[in-house]
Amino acid sequence: MSASSSAKAAGKAAVPGFGKVAVRDFGRVAVLLGGDSAEREVSLMSGRGVLEALLSQGVDASAFDPAHTDLSELKGERFERVFIALHGRHGEDGTVQGALELLGIPYTGSGVMASAICMDKVMTKRVWVAEGLPTPRWVWLARDQLQRERIRELPDRIGLPLIVKPPREGSSIGITKVLDAAQIDEAVRLATQYDPDLLCEEFIDGIELTCPVLGSGAHARALPVVRIAAPGGNYDYEHKYFSDDTGYHCPSGLPPEEEAEVQRLTLAAYRTLGCRGWGRADLMRRAGDGKFFLLEMNTSPGMTGHSLVPMSARAAGIGYEQLCLQLLSLAALDGAPRARG
């Protein structure tokens with residue numbers, strides 16, 4: 001009998017490091033997917049993959065798109081757990097998490113506060129800097145500070161090249177690598193289409209890395225590091241989700257001591273932000289001196305065919321279906337669950 005057939009027959013599935021998961025105890029599960037953010041297309045791909053995996057393991061799971069159905073229907077339809085496969089605004093920024101807290105339905109991933117902080121790259125950086133964790137230098141300009149003279153000063157303050165991005169978007173949406181001061185006005189126009197504020201960041205020339213985390217608190221563990229090799233170093237939306245030209249290396253090829261340092265930094269960054277369930281840190285290793293820099297923490301990472309958490313999990317011996325079950329088993333509320341009538 002195959003492992004998946006055995007799991008269905010027994011109502012349980014083995015998850016490395018987490019013992020047994022009783023699939024029948026999950027009850028009705030809603031997979032939140034789609035939504036109304038700029039990352040809707042990616043969320044649909046993630047959610048469909050998760051839904052198919054859960055169904056294949058005998059979970060009573062259904063798709064639920066908040067863009068089409070009010071979240072209050074989750075309670076009306078008596079869902080007992082939620083797998084959040086939403087990305088971006090109204091998905092991983094604490095808003096859906098807050099609604100699920102009010103409904104009393106446990107959900108995957110980080111809680112309200114950690115989700116809100118991690119979605120805002122400026123707030124994330126402030127927390128990391130306060131805790132002594134390395135992140136590239138940056139300048140934040142609020143919506144009432146986007147005067148032409150301030151924008152023109154950015155190359156002098158940060159240097160060139162620099163990165164211009166919306167502080168509350170993901171999937172590299174609205175990001176520009178500015179090589180010349182003449183490009184900055186267009187980069188600002190693009191970024192402010194997605195966010196009224198602006199984040200300008202020091203460009204770190206080197207190797208792009210990512211490291212997932214599973215679990216919470218002292219039980220959280222970092223998975224193998226993935227090294228990303230995008231064409232021309234341009235790891236944009238297209239190269240993340242649709243192109244086959246991007247190279248992914250897991251094992252990363254880093255020396256063991258550097259791999260361990262990335263995992264240490266990732267766990268510190270994750271715990272400092274109060275994350276739980278799962279997440280994925282993006283980092284850079286600077287070519288000149290080998291120093292590592294934290295870029296951002298993703299609290300609802302992609303689960304598509306090109307996604308990095310499933311890739312890293314496979315290297316750790318955790319298949320896609322097992323990963324989905326494990327994440328669902330960690331669904332929780334910030335507060336104590338309440339009885340639902």
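## The four-stranded sheet

In this predicted model, an open sheet is built from 4 strands in the order β6-β9-β7-β8, with antiparallel pairing. Strands here are DSSP runs of E with at least two residues, while helices are runs of H or I with at least four, numbered from the N terminus. Two strands pair if DSSP finds at least two bridges between them. At the edges sit β6 (138–141) and β8 (176–178), each pairing on one side only. On average, neighbouring strands of the sheet are turned by 20 degrees against each other, direction ignored.

Now look at β7 (residues 162–165) and β9 (residues 198–202): these antiparallel strands are joined by 4 bridges. L162 has E202 in β9 as its bridge partner.

## A helix across the sheet

Helix α7 (residues 148–158) lies across β6, β7 and β9, and runs at about 165 degrees to β6. Angles run from 0 to 180 degrees between N-to-C directions, using axes fitted to C-alpha atoms, for helices over the stretch in contact.

## Where two helices meet

Helix α5 (residues 112–119) and helix α6 (residues 121–130) have axes that come within 5 Å and cross at roughly 105 degrees. That makes α5 roughly perpendicular to α6 (65 to 115 degrees). I117, C118 and M119 of α5 meet K121, M123, T124 and V127 of α6, where contact means heavy atoms within 4.5 Å.

## Reading the numbers

Residues are numbered from 1 along each chain as its sequence is written. Local features need pLDDT of at least 70 and side-chain atom pairs 80 or more, whereas totals for chains, interfaces and linings use all residues, and side-chain values use heavy atoms, leaving out hydrogens and water.

Note on methods:
Parallel < 35°, antiparallel > 145°, perpendicular 65-115°, else oblique.
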